[in-house]
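Good morning, and thank you for the time on today's agenda. I shall take you through one protein chain, moving from single residues to the chain as a whole.

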Amino acid sequence: MSLLGIENLARPEIEAILNRAKDFQNSTAKLDTLRNRLLVNLFFENSTRTRTSFEIAAKRLGADTISITASASSTSKGESLVDTLNTLGAMRPHAIVMRHAASGAPHFLARYLPTPIINAGDGTHEHPTQALLDARTILDNRPSLEGLRVAIIGDIAHSRVARSNVHLLSKFGANVVLCGPAPLLPPQLAKLAPDVSLTYDIREAIQDADVIMMLRVQLERQHETPFPPGDYFKFYGLRPDHLLLAKPDVIVMHPGPINRGREISSEVADSKRSVILNQVENGIAVRMAVLERVMGA
Ligand code: NCD
């Protein structure tokens, strides 16, 4: 079964993945759950964390993996996406992890290929395993998601991380505040889920927050006039004084890559409140749980 997004994933399935991921935390043991199974990692966009953590997760479960980056493949020779995927499908992998700049690309291919597809980020649409690892990280710091105040701040318009997180958090009764400058925060985002509100004011977003999730300004996804970088940090960069507005035990998250001095100050990124590296660690545990579910016997 494919994993294409959080929007259509039922609560019990999410809970099962998050619980299973807990079993894989704090261990680097190599298991043989997925022995003789092949995972293909197909990345049409840059990635550090997501690609390596899928690879490590697969290896820890005993699977064989190959990773293909689009610039090194035949897509740069004019092969269509369907032909590339059919070629890889003919090599009979047990699953394909795929990242693509076009929203909906993995959904389109999942309809044509019998191989399960795991979406590792499609355009500005969804990034389901990121939302799952974020939920795992929040739950390592809070007993439940219900009633939490989560501020997601930055380039919301172009963020698949924000969309997947909004879907997941609202399924579990968290209150999400989306915050960013007007050009990066279109009003229709309030309709993503019932418990979502919008503000252009970072202080209002952070007030009483349990979780602050910072996002990068994703210039490579901005196909309209790019957002001018100028005063961004002054108005939307997270600084130590902001944290005083939040709950005392607030956690600061960021999916990475972080741009120090752009959306987050070094003091905050490296502070005790930051769980950014815990997110990276949980990325492996959560992806192990996902691969086991998708590729397991
Ligand atoms: C995110 C992505 O690619 O959507 N990164 C990630 O997967 N950790 C966020 C980003 O690119 O800023």
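Let me begin with a term. A polar contact is a pair of N or O atoms within 3.5 Å, where, within protein, one atom must be able to donate a hydrogen and the other to accept it. Please also keep in mind that this is a predicted model.

With that term in hand, consider R99, which sits in strand β3, residues 95–100. A polar atom of the R99 side chain lies 2.9 Å from the backbone oxygen of A120. The side chain of R99 also makes a polar contact with the side chain of H127, at 3.2 Å. What is the nearest side chain of opposite charge to R99? That side chain is E45, and it is 4.4 Å away. A salt bridge requires a side-chain nitrogen of Lys or Arg within 4 Å of a carboxyl oxygen of Asp or Glu. R99 has no salt bridge, although R99 is buried. Setting aside residues up to four places away in sequence, R99 touches several others, among them L42, F43, F44, T50, G121 and R160.

I turn next to the salt bridges that are present. How many does a search of the whole structure find? The search finds 14.

In the first, the side chains of E15 and R11 meet at 3.6 Å, N to O. E15 and R11 are separated by about one helical turn, because they are 4 residues apart in helix α1, residues 11–24. Both are partly exposed: the relative accessible area is 33% for E15 and 36% for R11. In the second, E55 forms a salt bridge with R51, and the closest N and O atoms are 3.4 Å apart. Here again the two residues are 4 apart, about one turn of the helix, this time in helix α2, residues 49–60. R51 is partly exposed, with a relative accessible area of 24%.

A further salt bridge joins the side chains of K247 and D210, at 3.0 Å, N to O. This pair links distant parts of the chain, 37 residues apart: K247 is in the loop between α9 (240–243) and β9 (251–253), and D210 is in the loop between α7 (202–206) and β8 (211–214). Are the two partners buried or exposed, or something in between? K247 is partly exposed, with a relative accessible area of 30%, whereas D210 is buried, at 6%. Salt bridges that share partners join R142, D210, K247 and D249 into one network.

R142 is placed in the loop between α5 (128–139) and β5 (149–153). With a relative accessible area of 11%, R142 is buried. Its side chain makes a polar contact with the side chain of D249, at 3.2 Å. Beyond its neighbours within four places in sequence, R142 is in contact with L148, D210, D249 and V250.

V40 counts as buried because its relative accessibility is 3%, and the cut-off for buried is under 20%. V40 and A95 are 55 residues apart in sequence, yet their C-alpha atoms are 6.5 Å apart in space. Leaving out residues up to four places away in sequence, V40 touches I66, I68, L88, P93, A95, I96 and V97.

The core draws at least three residues from each of domain 1 and domain 2.

Finally, the chain as a whole. The chain is divided into domain 1, residues 11–126 and 280–295, and domain 2, residues 128–275. The C-alpha centres of the two domains lie 25 Å apart. Their contact takes 27 residues from domain 1 and 24 residues from domain 2.

Thank you for your attention.

Definitions and conventions. Residues are numbered from 1 along each chain as its sequence is written. This is a predicted model: local features need pLDDT of at least 70, side-chain atom pairs count only at pLDDT 80 or more; totals for chains, interfaces and linings use all residues. Side-chain values use heavy atoms; hydrogens and water are left out. Domain bounds come from an automatic or database domain assignment. Buried means under 20% relative accessible area, exposed over 50%, partly exposed in between (1.4 Å probe, protein chains only). Lys and Arg count as positive and Asp and Glu as negative; His and the chain ends are not counted. Contact means heavy atoms within 4.5 Å.
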